[in-house]
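Let's take a look at how charged side chains pair up in a protein model. Here it is.

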Amino acid sequence: MKTIEDLDVTGKRVFVRADLNVPLDGATITDDGRIRAVAPTIAKLLERGAKVVVASHLGRPKGEPEAKFSLAPVAERLGEILGKDVAFATDTVGESAAAAVAGLADGQVALLENLRFNAGETSKDDAERKAFAEQLAALADLYVGDGFGAVHRKHASVFDLPALLPHAAGDLIATEVGVLKKLTDEVARPYVVVLGGAKVSDKLGVIDNLLKKADRILIGGGMAYTFLAAQGHEVGISLLQEDQKGRCLEYLAEAEKRGVEFVLPVDVLVSAEFPDLKGKTPATFDLVSSDAIPADKEGLDIGPKTRELYAEKLADAGTVFWNGPMGVFEHPDYANGTKAVAQALLDSPGFTVVGGGDSAAAVRILGFDENAFGHISTGGGASLEYLEGKQLPGLTALEG
Ligand code: ADP
Ligand code: MG
């Protein structure tokens, strides 16, 4: 894979596909980690006299403009981080984009509006995607892929566009891939994997592959309840993917066969209602054993015994990969499980990697020093699919 050092960028229009899909509360960016992560690549290109055209998706608009998914707040924040004006185009390949790019002098930067305001970006139809990629290609001379969080998507700006322009990987992608290689080649043992979060079916896939590599797998968050239900326990109104129970049992059996420690929560915090994430009014909850969840309650965090157990299982780790919060950390009453795991990572002697948009945001929002971790990945789905052993379209495209 070429890096940006291999490109002659001076005076050239360089299209940087970034992942600026940051969490927003209205027009306020609640975590700017992804903007800060790609800023060094952009700054380097600007220093070398490139005209930089940055593009990204944000949220999941349905192929047409939707004000709440506008990248306008990101343009402002990016400008603050770079210490430079960022010209903002109010469309992606229309008049505003053409004018913004035409107006760039060497060393100046523009941000295009949300790529997904255009149906061609995510289209399953190869021709439709290619047509949109051609429109994007008209705005640039060179392509730099640095949107790690999107490399698992076969989208126009990720997969089709690099085929149309001389291309290289940005520094963020180069770093992310380097770290993931470390987690797949020879790892320092014990290799402990912690999985949680809400997207159960997305995350089950990675277990398949990790069962062949990890020494211990600790499960928390919404994922845990499908495993507990598979074992025959009542899980009340907790997150549950009924159709995945069979798969969970297979994983448990496979783990036993391979001698992989597979650990589920022993106690959980349960409540009859989902907490108030806006006003954060104190929650009403009970602590129960994980085999005694009442039928009318849902599990919202791991309990203190589980926190201690998971900290123990992480204490001697040589390598840790963590994806997915242990509970609904957005509410302070259900943040303790996630905090305990974050702290256990910091206390462990090993190389620690945190993956996943919400997990990375949780670490920062809960007040941990992100530099104290080995690596905080900007891509959840992308890092999981890499660890599953899948080919990632955005990386394949950069290799060619
Ligand atoms: P990531 O972005 O790190 O990959 P996910 O998107 O899968 O993580 O999951 C993050 C979300 O999971 C958070 O918003 C959190 O509130 C939610 N979550 C964690 N535990 C539970 C639970 N027990 N019940 C419901 N939601 C949960
Ligand atoms: Mg998420």
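## Ground rules

A residue is called buried under 20% relative accessible area, exposed over 50%, and partly exposed in between (1.4 Å probe, protein chains only). A salt bridge is a side-chain nitrogen of Lys or Arg within 4 Å of a carboxyl oxygen of Asp or Glu.

This is a predicted model, where local features need pLDDT of at least 70, side-chain atom pairs count only at pLDDT 80 or more, and totals for chains, interfaces and linings use all residues. Residues are numbered from 1 along each chain as its sequence is written, and side-chain values use heavy atoms, with hydrogens and water left out.

## Bridges across the sequence

The structure has 25 salt bridges. In one of them, D141 pairs with R13 at 3.0 Å, N to O. D141 sits in the loop between α5 (126–137) and β7 (142–145) while R13 is in strand β1 (residues 13–17), so this pair ties together parts 128 residues apart in sequence. D141 is partly exposed at 31%, and R13 is partly exposed at 25%.

K313 and E261 make another salt bridge, at 2.6 Å from N to O. Here K313 belongs to helix α11 (residues 304–314) and E261 to strand β11 (residues 261–263), so parts 52 residues apart in sequence get tied together. Helices (H or I, at least four residues) and strands (E, at least two) are DSSP runs, numbered from the N terminus. E261 is partly exposed, at 32%.

## A linked network

E370 bridges to R364, with their closest N and O atoms 2.9 Å apart. E370 is partly exposed, with a relative accessible area of 23%. Both residues join D31, D32, R36, R77 and E80 in a network of salt bridges.

How values were computed: Chains are lettered from A and ligands numbered from 1 in the order in which they are written.
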